[in-house]
Each structure stands twice: as structure tokens, then as C-alpha cells.
Amino acid sequence: MSDENELNRRDFLIKAGLIGAGVYLAGCAKQSAMPLPTPFSDVIPVTPQTTGALDVKPAETIEPATGTAYLSVARGEDAAEITRRAIAAIGGMERFVKNGANVIIKPNICTDYYTYEFAATTNPVVVGTLVSLVMAAGAARVRVMDNPFGGTAQSAYKRSGIEDAVKDAGGEMEVMNQNKFRKAEIPDGLDIREWSFYKDILDADVVINVPIAKNHGTTRLTLGAKNLMGTILNRGQIHANIHQRIADLVSRVKPALTVVDAVRILMNNGPTGGNLDDVKLLNTVIACADIVAADSYGATLFGFKGSDIGYIKAAADMGLGTLDLSSIKIEEISV
Amino acid sequence: MKAKATRRIRQVTQIASFGLFMALFVQAVYLGQSPLASDLFYRFDPLIAATAMFAGRAIKAGLLYSLVTIAASILFGRVWCGWVCPFGSVLEWLTPKYARNEITDKWRVVKFLLFFILIFAAVLGNQSGAFLDPISLLTRTMTTVLWPGLRFLVYGLEGFLYRFDFLWPALDAVNTNVLLPLFQGIESVFIASLPVFIFFAIVIALNRIAERFWCRYLCPLGGFLGLVSRFAVVRREVTKDCISCDRCSKVCPTGTIDAAKGYASDPAECTVCYDCMAECPVNAIAFDRHFPLWKSAQSQEYDPHRRQVILAAAGTLGGVALAGIEPIRRRDPVRLIRPPGATLTNFTTVCMRCGECVRVCPTQGLQPSLIEGGWQNLFTPRLVPRIGYCSYNCDACIRTCPTGAIPHISKEAKQKTPIGLASINTDRCLPWAYDTLCSVCEEMCPLPEKAITLEEVKISAKDGQPMTIFRPRVLRDLCIGCGVCEYHCPVGGEAAIQVQTLPSTNTFISGV
């Protein structure tokens, strides 16, 4: 055999070595989301850990501008109009979104099972209107995302009608990428001190939380705070101490604005729905910078008080917002 | 010159055909957003059509496209094999330059006999060997090995690169525009990957013994088309100009050009590739209309003899008898959950093991089974809810099944047809066994009227304080067995809620 052949073998070994190293490094990559849940014994991370934590500045506290309401409730048949009026009443979108801001809107797109008329997913008109308002306020980028648990994100985005509404309004839908979840500290957390969050949501300049108000088996209702479960991994494990853990998530994500979609609310068989008899048409949108107050008002739509819902009360106890609706300025608008 | 051009056209056709196969394969998981039928190649596959119709005892209109392939073979010979078949093309491209081609011609009979065996078995209602169809083989390998393997490597690399924050804008763009359309974000795992890979690797490795070994000696579809091609109208002919230079027999990918017979070839073996014609220095080879029409090709020593065919029939009977004494005949395994609607058909008789339903399943809960349903049901699909659930709003497998083994029922009917029944293991369930709050299964249940109900129970907690917990129960009359509860159950390892086969399908209970 000639030298040429030996060189080829060497070349081959070098290339194989490089490829092998590449594969090895890829193998070292952070594991993506577990395909199966971990054992229950691993559920409660009691000791706070600092490794891999993100350095993220806490969300700015927004003082209500003078002359504007602390919380607004708009009622009327035009979902777009009541959304605009509700936002205007608490100071307009410019209060939350500065020029060039990176904004993420987090609706509730839990599954691809039913269309929005079944009140399991956030009303697309409300989401689309918010995207327009955010764009008009000068945002550099508006992304809308959720992490559905039934069906694929792509099919759920489409079926909910939210994808079309967002694209028409000039926003982007993002399919949440498993590689973009990072462990982050929850400095104020009482039960959980660390969890895997979607890094873009923690890093965004403004997070707008757009839950739909609906029934939920264990927690009675799902509202703004519960909606933040779409920003994390290992949701199943939240259930072990669901109220406190949701409050802990709120303390970390701190959305700048919560808009509760109560155009249609789901009274029973939530959170997935499927029966129009369970749907009640309220034609209502609630907007508030304070997620606890927004949820507290949302609870009244079902005949509850905020303090009846465990996670709302837990969040209030942590000082994350106001539970007492009589102490705040509420503007009610009819369109 | 003309021959070289034709050969070039053939090569381009092969690439286009493989490209179409891959395009259909990739878009198959788009859940009907594309107008293209992902099972297009199956519809043109006469082996699938013949066995499905014999075993199902019905004419299946969707499979009659395969008559086009039969017609093409009667006109031109095995053009399917040489020009269209994506698996044949893959084998051609993966042929090593130093293939030995020294195997005796006698083995060519195996493919004919395999074809007879599959037909005999289908007539007897058994489809256990249908997984040998070449399209099925390539689909299964692509679905469970090559594509998920590629995805694993790509996403592994992506995950590594995502560690560097400054790369995120670029990675986001690649992910959204390239990776997501290709892989749809599905994290695929398959129980059958290794055996499927080994089978594929062996078929590829056999190329070292002879070029296109599979096509020459084993492929039952090749056998079928070979038998038809014995009557081909257009055949390869060698004129008196031949100078016996031996070039054609050296390039022939199926090794059918026989120097001893004046460089003649067998139309049952020839794939009409035009390699020989392109190589011929004196233009002594032509593909011409053969007169008189319908005259069978000269018989070959490897043609199936009567005794061999009888032996194949006897062997088929033996195989069917073996299948008949497997426990699956008496009882359904409790975890053998079939695709939606399969309880309405004689599923394992009509299922071609083609793997198209496995490919389109967006949760990848449908898996080709190994021997969970007995050896006879190798590679039939089953739902493994712990890996992926049957998504409530999806009917992709129903719409893609080329044989109707998964019946073409409406989505509304699918949402009401039980495929199994969930059952709670109270020794593992958190609220039952650990007095812990958990309601994930109830929350996930997609039905308009939830098939899991939460019973409020007052207990005393460890510290003696009274406490309210909710214990889930399955409502048997509502549950359709989709398995989303089992998939999401937060208990590690085996879920505390599991879908099992429907009690009513169990012959033991129904007293048969």
C-alpha cells in the first residue's frame, strides 16, 4: 500500500475523532424536557440552589399614573373594543410598553381540542387586539406563546384562532423550544426556590399575561396566576402543593400586565371544556397591572371571592398584590 | 448518446422519486395541512394492493392506482424497480464499488417464493409477512430509526449551542425556519428501533455480496413485478453487432446479462436501467417492442418450479398454523391498545404493517409493536400512552391508513369510539396512596364531560389537622382510553393511571 493510503487512514481517524468529539459534546448538552415524569420522591426541591441560575433583573414595579384606574372592567359585545377601553382606562399600553421593547404575550392555549367558542382557550380577538396595541406603543418585537398539554403547539395555535389573529396584527407566534428552558432561582419562593422557566419570558422587557377565566378541577378556577404554569417545565410536579407553588411562580415571572379574558367563561368541565352548555357569555375584559387584583376580580365572575381560591390568597399573602377589591380604584366601562 | 441520455433521465427520476418520498414523509405529520397523500407510494404498490384485497376480501378502490404499476411492468418490465422504488434507489446508491456478484443465480427464486407465500398467507387471512414490502421497509426504517436518529443528533447539537446566549438569535432563526418544519418538535422514541435498524443494516450489508441483493433475491414486490415482466412488451435485445466485450454484463446492477447466452438478459430481472446500453461501445443493445406480443420470456433455471411453489404453499400453511397457536388467538394482551377505530375492523388481518400510521402520529404514541401481540403481529401499530397519547382532536392515522385497517370514520365518531379504558392503581396514585393533592389526570381528560371525576374526601393529615383531598375515579361509560391521563401522570415510572384494552373485546370475559 502506498503512503497515500496511510494518509487517507490518518485523515479518516482525524475526521472520525472530530466527529466523535462533536457527538460527545452534543451528548453533554443540557438534556431537553423529560419525556416521562420523574419519580414523586424527587418532586420537592427544598434546598435553594444557585447553580445555573439566571441573572435577570426583577420586573419594574409600575405605579398607576394619576387619574387612571388601578383595575378596569370593560363590558360590551365588541371584544376588540372592550379590550382597548380596558387598557386605556388603566393608563394605556404606553404605560407598560416603551419604545423598542421586547414583549411577550402569554395567552392560555391549553390544548388543540376545541375552538375558542368553547372557552378553554383565550379569545383570539382579545389577543390580537393586545398585539396591535403593543405594536402601536412602539414595541420592537411581540411574541405570543404557550406550551399546550394536549395536541401539538402548532395545531393548538391554529385551532384556537390565536395564530391567525396574532399574525394579522403583526405579531409572531413562537413554538416554545425545549432548549430554551433554564433553571432559575425564585428568591421569594416559599415552597419552591428554583424551577425551569422559559428564559425568553424571564428576559422579556414586558410580559402580558392573558388568561381566560375558567373552571378547574382542583383549584376551582384558572386565572392569571394559574396561567403562568405555561412558562415552566414539569408542570405535573406543581400539583403536589399547587396553590403555594403557583404563587411562587408569580413572584418570579411578575407579569407587567394581566388581562383576564372573560368574553366567554367556562363554568364546568374545565380546564379543557368541550361542552357549550358549560360556557357563559359575559362579554367582559379585566385589565390590571396587579395580577392578584385581576384574579380576585375574575373570581367574582364565578361567585367566589379572591380569598376562596388558594393560589390567589397565597399570592396575596406573599405581598404580590391586592386581594381586597374595595381598597382599589376600579373603573367599570360599558361599550 | 441516446442511451446515456436515457440513463441520465432514469437517474434523475430516481432522485425525484426519492425526493418525493421524503417530502411526503416529512409533511405526513402536518396533520392534513397538505393536499398530498402521505401514503401515495403505497397506493401504487401492487403487492400491498393484492395482499390487502385478498386478506380483507374486498376491493379497495384507493389501492387500484397499483394497476398503473402493473400496466407499466407489462409494457416495459421492472421499471418500478429501476426508476421509481425509493428503496431500490437507496440500495443502488449504497452499493460498494467492490460488490462481489458471485452468488449463484439459483437464489433468485427466493423472491418469487416470498411473493407466493405472502399471497397464500393473505388468502388465508394472515398478513404477518407483509412487513417485507420494500416501501413498508423504507418507511418503517425512516420513521423509527433514520429520521429520529437524525433529529436526536441535530437537537443534541442545538441544545449544546443554546448554552451560549449570544447564539440565541441565530439559533432561533434556524429552529423556526428549518428544524421545526422538518421535525415538528416531536421528540421521538421507538421501542422497535434497534430490530428495525438491524434488519435494514443487514439488507444494506447484503449489497456487498451482490449489487441490489435485496432486489435480485429477496424483494417480494420485485418477485411480483418480475413475474409480470416476463410478458413485457418492450424488452432488452442484443443484436448481431455484439463484439462480446463483456462490458454490459459487468455494469448490470442485477447481474442478469449472461455471457453464456450471448449477453441476453431475463426481463423478469432487468430493471431497465439502460446502464448496459450506455456502456456498449458498438450500440448492439436496444430496448425494443417484442413480437409477437404476450409471449412469455424464455424460462430460466431459477424460475420457481412446481415443486417449490407447492412447498411454499405447504410452508405457508405451516406458518399460519404456527400463528394459530399463539396466545393472542385466545386473549388480548391487556396493554395492546390499537389505533382509534381498529376495534371496528378485523384489524390484524387488514393491517399491512406499513407503518404509515406510526409516522403520522403527532404524539408518537403509536409504536410498531415487537412481540407484544405475538410474533404474527410484528410491527403492527399499538398505542403506548406513556410515550404518547391519542390526541383528542387528531385523526391523522385514520386518514392515512391505506388499507382501511384503521377504518375511515369521522373525527366525531373517533372521539366517541373507545380504544381502551383507563384504570387507576390506588397503590400508586398520589391522592389515594399518599394523601397528596393531585388532579392532573382529571385536568387532562379531553372529553366534554370528563371521564375522570374527583371525589372530595376529608382526611386527617400527618400533623393531625383535617384536610380535604380529591381522589380521582374513572367513569367507565365515558372513558375512551386516549391515554392523555397516563401520559401526564406525574408519578414516576409506570403511571398510577393506565389505559388497558377494553374489557368487552376480551374473549375470556365475553365467554367465547
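Biologist: How many of the 15 residues of helix 7 of chain B are buried?
Modeller: This is a predicted model. Helix 7 of chain B is largely enclosed by the rest of the structure, because most of its 15 residues are buried. Among them are B:V109, B:F112, B:F115, B:F116 and B:F120. The count of buried residues is 12.

Biologist: Which elements cover the buried residues of helix 7 of chain B?
Modeller: The buried stretch includes B:I117, B:L118 and B:I119. The cover over these buried residues includes four helices of chain B: helix 3, helix 11, helix 12 (220–229) and helix 15 (306–324).

Biologist: Why is helix 6 of chain B largely enclosed?
Modeller: Helix 6 spans residues 86–93 of chain B. Its buried residues are B:P86, B:F87, B:G88, B:S89, B:V90, B:L91 and B:E92. Their cover includes helix 1 (2–27), helix 5 (79–84), helix 8 (134–161) and helix 11 (213–218) of chain B. The helix is largely enclosed because the buried residues number seven of the eight.

Biologist: What share of the 512 residues in chain B is buried?
Modeller: Chain B holds 23 helices and eight strands. Its C-alpha atoms fill a box of roughly 105 × 65 × 35 Å along the principal axes. Among contacts with a separation of 6 or more, 76% join residues 24 or more positions apart. The buried share is 47%.

Biologist: How far apart are the centres of domain 1 and domain 2 of chain B?
Modeller: Domain 1 of chain B takes in 2–28 + 36–127 + 212–289, and domain 2 takes in 328–510. Taken over C-alpha atoms, their centres are separated by 43 Å.

Biologist: Which helix gives the most to the side of domain 1 of chain B that touches domain 2 of chain B?
Modeller: The contact takes 17 residues from domain 1 and 14 residues from domain 2 of chain B. Helix 2 (40–43) and helix 3 (46–56) of chain B each supply at least two residues on the domain 1 side. By class, that side has seven nonpolar, seven polar and three charged residues. The top contributor, with five residues, is helix 3 of chain B.

Biologist: How many residues of chain A are in contact with chain B?
Modeller: The predictor gives the complex an ipTM of 0.85 and a pTM of 0.86. On the chain B side, 46 residues take part, and the chain A count is 40.

Biologist: Which elements of chain A give two or more residues to the side that touches chain B?
Modeller: By class, this side of chain A has 16 nonpolar, 20 polar and four charged residues. The elements are helix 1 (3–28) and helix 4 (153–159) of chain A.

Biologist: Which strands pair with strand 1 of chain A, and in what sense?
Modeller: Strand 1 (residues 71–75) of chain A is largely enclosed, because four of its five residues are buried. A:R75 stands opposite A:S334, and A:V73 stands opposite A:I286. Five bridges join strand 1 to the antiparallel strand 11 (residues 279–288) of chain A. Over five bridges, the parallel partner is strand 12 (residues 330–334) of chain A.

Biologist: Is A:D248 buried or exposed?
Modeller: A:D248 lies in helix 8 (residues 242–253) of chain A. Leaving aside neighbours within four places in sequence, A:D248 is in contact with A:I186, A:G189, A:L190, A:D191 and A:I192. With 25 other C-beta atoms within 10 Å, A:D248 is buried.

Biologist: Where in chain A does pLDDT stay under 50?
Modeller: Chain A has a mean pLDDT of 86, with 84% of its residues at 70 or more. Where pLDDT is low, the predicted coordinates should not be read in detail. In chain A, the stretch under 50 is residues 30–67.

Conventions: Residues are numbered from 1 along each chain as its sequence is written. Chains are lettered from A and ligands numbered from 1 in the order in which they are written. This is a predicted model: local features need pLDDT of at least 70, side-chain atom pairs count only at pLDDT 80 or more; totals for chains, interfaces and linings use all residues. A residue is buried if 20 or more other C-beta atoms lie within 10 Å of its own, exposed if 12 or fewer, and partly exposed in between; C-beta atoms are placed from the backbone. Two residues are in contact if their C-beta atoms, placed from the backbone, lie within 7 Å. Ala, Val, Leu, Ile, Met, Phe, Trp, Tyr, Cys and Pro count as nonpolar, Asp, Glu, Lys and Arg as charged, and the others, Gly among them, as polar. Domain bounds come from an automatic or database domain assignment. Two strands pair if DSSP finds at least two bridges between them. pLDDT is the predictor's confidence in each residue, from 0 to 100.
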